Amino acid sequence: MGQFYIGLMSGTSLDGVDLAIVDFDTLKPTLISTHFTKYPNKLLTPLKNACRQSSIHFDELGRLDAELGVFYANCVQQALSNASLNSHDITAIGSHGQTIQHSPNSQPSYTLQIGDANRITQNTGISVVADFRRRDIAAGGQGAPLVPAFHQAIFQSSIENLAVVNIGGISNVTFLPANCSEAIIGFDCGPGNTLMDQWCQQYFDRPYDESGDLSRAGNVSTDLLNNLLRDPYFSQGYPKSTGPEYFNLNWLKNHLERNPTSTEDTLSTLCELTASCIAQSIQQLPSVNKTLICGGGVHNSHLQARLETLLNSPVTTTATYGVDPDIVEAMAFAWLAKQTIEGRTGNIPSVTGAKQTVVLGAIYSA
Ligand SMILES: Nc1ncnc2c1ncn2[C@@H]1O[C@H](COP(=O)(O)OP(=O)(O)O)[C@@H](O)[C@H]1O
Ligand SMILES: [Mg+2]
């Protein structure tokens, strides 16, 4: 039997929870099984409200935190049963939680993830590591992105400079230099799928733009695109991180008032915005030999094609490096849990801007 950890990742897309069971007793982490659970409407509706409103009642927050913890525990139990494993086979669970507010630039800065880890431990009998981001924030960092350390552990190559781009609700890039004495760079590029998703939900009654077909069919408004790209976030230097509390339909509305655009063309423009902010992020890195993408955005083939055109070089998914692009982030939180359980640090100060490396998260012992 190996050394199994579970990673639980629920990102800003609010699509659901990705779960990875990973064996770290091998030269490279080995994926044992994966499990995706969509958020049921009874959680999705209050979660959307919590994430998209600037205020929430304590009572609602308390209930949601508890219900989410129970839900995560159920996901773990279902995944264990599917994989014919039991709780004793798992060393620990790394649970990211659901971010309901990320404010790395407020004074004081803070970030808030919910999904009560006490309940996950209590209901599964497995130790849980959670609340990863706030220790980095306490050390003066952005608290994000945290996946670059895992990208380094599994993708860094001594032959080529790699850029790994995770396209979730928000998009983030990790630069892995071939020369391992050079610093790792990583930051949030800007919107990934979040604006496209919100637009599709509002105007097309669809959760997202399947394969990018709607975006492909419309025309990009150059005026709108250029205005959107003038937002100071895109030219700001790293470290930097962001979230849907910033890039949302209200943000877009202000620009649309100045550049009225049809519903169809707005979606095409939002897809181009995502491709552009990722391409610009990669172009400001030291020379990148290869770009790998992961996260749900890999299923938007129009977005991938636009990114390749803007970069003028091929873009491949992490599958070409043997890692399922849909599960990289969940694997990262299994890995981050292992780091914490072993007393190792998990943040990269050159990425988050923290004053020092720190052991991330809190341990809820079984
Ligand atoms: N078949 C698809 N076509 C286009 N986009 C997709 C498809 N499947 C997933 N996506 C996009 O991926 C998102 C989920 O990506 P994910 O990596 O889970 O993001 P997060 O980490 O923010 O939850 C969806 O909201 C959607 O925008
Ligand atoms: Mg997701």
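Trainee: What span does helix H13 reach from its first C-alpha to its last?

Mentor: In this predicted model, helix H13 covers residues 328-341, which is 14 residues. Helices are DSSP runs of H or I with at least four residues, strands are runs of E with at least two, and both are numbered from the N terminus. The expected span is 1.5 Å times one less than the number of residues. H13 is close to the expected 20 Å, reaching 20 Å.

Trainee: How many residues of H13 are buried?

Mentor: A residue is buried if 20 or more other C-beta atoms lie within 10 Å of its own, exposed if 12 or fewer and partly exposed in between, with C-beta atoms placed from the backbone. H13 is mostly covered, and its buried residues number 13 of 14.

Trainee: Which residue with positive phi follows H13?

Mentor: The phi in question is near 75°. The residue that follows H13 with this value is glycine 343.

Trainee: Which residue in E9 stands opposite leucine 162?

Mentor: Strand E8 (residues 162-167) and strand E9 (residues 170-176) run antiparallel and are joined by six bridges. Opposite leucine 162 stands leucine 176.

Trainee: What is omega for the cis bond that joins tyrosine 238 and proline 239?

Mentor: Proline 239 is in the loop between helix H9 (232-235) and helix H10 (249-258). For the bond from tyrosine 238, omega is about 0°.

Trainee: Is serine 84 buried or exposed?

Mentor: Serine 84 is not a glycine, yet its phi is positive, about 50°. The residue lies in the loop between helix H2 (58-82) and strand E4 (90-95). With 8 other C-beta atoms within 10 Å, serine 84 is exposed.

Trainee: How are residues and chains labelled, and what confidence is needed?

Mentor: Residues are numbered from 1 along each chain as its sequence is written, while chains are lettered from A and ligands numbered from 1 in the order in which they are written. Totals for chains, interfaces and linings use all residues, side-chain atom pairs count only at pLDDT 80 or more, and local features need pLDDT of at least 70.

Key:
Pairing = 2+ DSSP bridges.
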